[in-house]
Amino acid sequence: MPRYIHSALAALVVAAQLSVPVAQASASDYILVLVQTTYAFGDDAVLEVRLIDTRTNAPVEGAVIFATRLDMAPDGMETMTSPVLALPGEEPGLYRFSADLTMDGNWRFSVAAKVRGEMQTVQAQIVIEVQP
C-alpha cells in the first residue's frame with residue numbers, strides 16, 4: 001500500500017479513539033458517611049467518617065481531607081464551634097477526627113475531601129446528636 005494510505009488510516013484510527021467518550025467519575029460518585037451519629041457529651045469524642053465509591057461500594061483510601069468544621073447550626077447556634085483534629089486512620093477508607101462536644105444538642109459536622117485523580121471535591125454536612 002502506498003505510504004499516504006497508511007498515514008490516512010493511522011489518522012482515522014487516532015481520530016476515532018479521540019472521539020470515544022471516556023467515563024469520568026464525579027463528586028456524586030462518592031459519599032462521606034459518619035459511622036456513628038449519636039455521641040455522649042464530653043471531650044475527645046472520636047468522629048469516624050467513611051469515604052465510599054458508590055459505583056463499587058468500596059472504601060476510598062488516600063483522600064485528602066482539607067476542610068472540617070463542627071458547629072451547632074442545627075440548633076440555631078452556628079457560631080458555637082469546636083475544633084476538629086485529624087487522627088490516624090485504622091483501616092482503608094476510614095478517616096478519624098477528635099473533637100470536644102462541649103454541649104448537648106445537635107451539631108453539624110462539615111467535611112470536604114479531594115479524591116486522588118478527581119477534579120471535583122466530595123463534601124458532606126452530617127448532623128450529630130450529642131446527649132448528656
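Mentor: Happy to! Keep in mind that this is a predicted model. Let's start with strands E5 and E6 (residues 77-82), which pair in the antiparallel sense over three bridges.

Trainee: Which residue stands opposite methionine 72 in that pair?

Mentor: Its opposite number in E6 is methionine 77.

Trainee: And how many residues are between E5 and E6 in the hairpin?

Mentor: Four residues sit between the two strands of that hairpin. Look at glycine 76 in the turn, too: its phi is positive, about 80 degrees.

Trainee: What about E5 and strand E9, how many bridges join them?

Mentor: Seven bridges join E5 (residues 64-72) to E9 (residues 105-114), and the two run antiparallel. As a landmark, find alanine 67, which stands opposite alanine 112 in E9.

Trainee: In what order do the strands of the open sheet come?

Mentor: There are five strands, in the order E2-E10-E9-E5-E6, and the pairing is mixed. The edges are taken by strand E2 (38-40) and E6; each has a single partner strand, so one side of each is left without a neighbour in the sheet.

Trainee: How much are neighbouring strands turned against each other?

Mentor: On average, neighbouring strands of this sheet are turned by 35 degrees against each other, with direction ignored.

Trainee: What actually holds strands together in a sheet, in general?

Mentor: Strands of a sheet pair through backbone hydrogen bonds, and they can do so in a parallel or an antiparallel way.

Trainee: Okay, new topic. Which strands pair with E3?

Mentor: Strand E1 (residues 30-34) is one of them, joined to E3 (residues 42-53) by five bridges and running antiparallel to E3. Here leucine 34 stands opposite valine 49 in E3. Another is strand E8 (residues 94-101), which pairs with E3 over seven bridges, also in the antiparallel sense. In that pair you'll find alanine 45 opposite alanine 99 in E8. Then there is strand E4 (residues 58-59), which runs antiparallel to E3 and is joined to E3 by two bridges.

Trainee: Which residue in E4 does isoleucine 52 stand opposite?

Mentor: That's proline 59. E3 and E4 form a hairpin with four residues between them, and asparagine 57 in the turn has a positive phi of about 60 degrees.

Trainee: Now I'm looking at alanine 86. Is alanine 86 buried or exposed?

Mentor: Alanine 86 counts as exposed, because its relative accessible area is 65% and the cut-off for exposed is over 50%. You can find alanine 86 in strand E7 (residues 84-87).

Trainee: And which residues does alanine 86 touch?

Mentor: Leaving aside residues up to four places away in sequence, alanine 86 touches Arg96 and Phe97. Arginine 96 is ten residues away along the chain, and the C-alpha atoms of alanine 86 and arginine 96 are separated by 6.1 Å.

Trainee: Let's talk charges. How many salt bridges does the structure hold?

Mentor: The structure holds seven. One of these involves arginine 96 again, which forms a salt bridge with glutamate 48, with the closest N and O atoms 3.3 Å apart. Arginine 96 lies in strand E8 and glutamate 48 in strand E3, so the pair ties together parts that are 48 residues apart in sequence.

Trainee: Are those two residues buried, or partly exposed?

Mentor: Arginine 96 counts as buried, at 13% relative accessibility, whereas glutamate 48 counts as partly exposed, at 21%. The cut-off explains this, because buried means under 20%.

Trainee: Which residue does arginine 55 form a salt bridge with?

Mentor: Its partner is aspartate 53, and the closest N and O atoms are 2.7 Å apart. Arginine 55 is partly exposed at 46% relative accessibility, and aspartate 53 is buried at 10%.

Trainee: And what does arginine 108 meet in a salt bridge?

Mentor: The side chain of arginine 108 meets that of glutamate 78, at 3.2 Å from N to O. Arginine 108 is in strand E9 and glutamate 78 in strand E6, so this pair ties together parts that are 30 residues apart in sequence. Arginine 108 counts as buried, at 17% relative accessibility, and glutamate 78 as partly exposed, at 42%.

Note on methods. Residues numbered from 1 in each chain as written. Predicted model: local features only at pLDDT ≥ 70, side-chain atom pairs only at ≥ 80, totals over all residues. Heavy atoms only, no water. Pairing = 2+ DSSP bridges. Axes fitted to C-alpha atoms, helices over the stretch in contact; angles between N-to-C directions. Buried < 20%, exposed > 50% of the residue type's maximum accessible area, 1.4 Å probe, protein only. Contact = heavy atoms within 4.5 Å. Salt bridge = Lys/Arg side-chain N within 4 Å of Asp/Glu carboxyl O.
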